[in-house]
Amino acid sequence: MSGDFTQADEPFRLVAAWLTEATAAEPRDPTAMTLATVDADGLPNARMVLLKGVDERGFVFYTNIDSQKGRELDVHPKAALVFHWKSLNRQVRIRGTVESVTAAEAAIRRDPARHDSARARPAPRKRRAMSRRGAARRT
């Protein structure tokens, strides 16, 4: 499946399909992506994180809210993500706003088999989700 994310009728479904292709083709972790944030001086910081989910609401990843990236996202809730799937000769760039997922969603994602009992427990790490308002394109 190929195409431009920004032109797709269902862009999150398109990226999910590309992720499925990458999972079959990538010798390393296909969920690895670069997360870029900015610090208080407006200087960019980039690091690798793992995608934990994608749906019509956005892209979900882990972050410790007390880490540098967590603090930066609290102050400037905008970020960029980049997937690079070398084996597919495909790159996806995403920009947009970032928000915390709910504690219930974090608990369910952490342990789907025990989601009923996990809902009451606070998650040690919150996840951040890239908003659907973000733009992305395959390059």
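Analyst: In this predicted model, Thr 37 lies in strand 1, which spans residues 32–38.

User: Why is Thr 37 called buried?

Analyst: The relative accessibility of Thr 37 is 2%, and buried means under 20%, so Thr 37 counts as buried. Leaving aside residues up to four places away in sequence, Thr 37 touches Leu 43, Pro 44, Asn 45, Arg 47, Glu 72, Leu 73 and Ala 79.

User: What makes the link between the side chains of Thr 37 and Glu 72 a polar contact?

Analyst: The two side chains are joined at 2.3 Å, and the cut-off for a pair of N or O atoms is within 3.5 Å, with one able to donate a hydrogen and the other to accept it; the pair of Thr 37 and Glu 72 is therefore listed as a polar contact.

User: How many aromatic pairs does a search of the whole structure find, and why is the one formed by Phe 59 and Phe 83 called tilted?

Analyst: The search finds three aromatic pairs. In the one formed by Phe 59 and Phe 83, the centres are 6.4 Å apart and the planes make 50 degrees; pairing asks for centres within 6.5 Å, while under 30 degrees would be stacked and over 60 edge-to-face, so this pair is tilted. Phe 59 belongs to strand 3 (residues 58–63) and Phe 83 to strand 4 (residues 78–85), 24 residues apart, so that the pair links distant parts of the chain.

User: How do you know whether Phe 59 and Phe 83 are buried or exposed?

Analyst: Phe 59 has a relative accessible area of 1% and Phe 83 a relative accessibility of 1%, and with the limit for buried at under 20%, both are therefore buried. Phe 59 and Phe 83 also form one aromatic cluster with Phe 12 and Trp 85.

How values were computed
Residues are numbered from 1 along each chain as its sequence is written. This is a predicted model: local features need pLDDT of at least 70, side-chain atom pairs count only at pLDDT 80 or more; totals for chains, interfaces and linings use all residues. Side-chain values use heavy atoms; hydrogens and water are left out. Helices (H or I, at least four residues) and strands (E, at least two) are DSSP runs, numbered from the N terminus. Buried means under 20% relative accessible area, exposed over 50%, partly exposed in between (1.4 Å probe, protein chains only). Contact means heavy atoms within 4.5 Å. Rings of Phe, Tyr and Trp (its six-membered ring) pair if their centres lie within 6.5 Å; planes under 30 degrees apart count as stacked, over 60 as edge-to-face and the rest as tilted.
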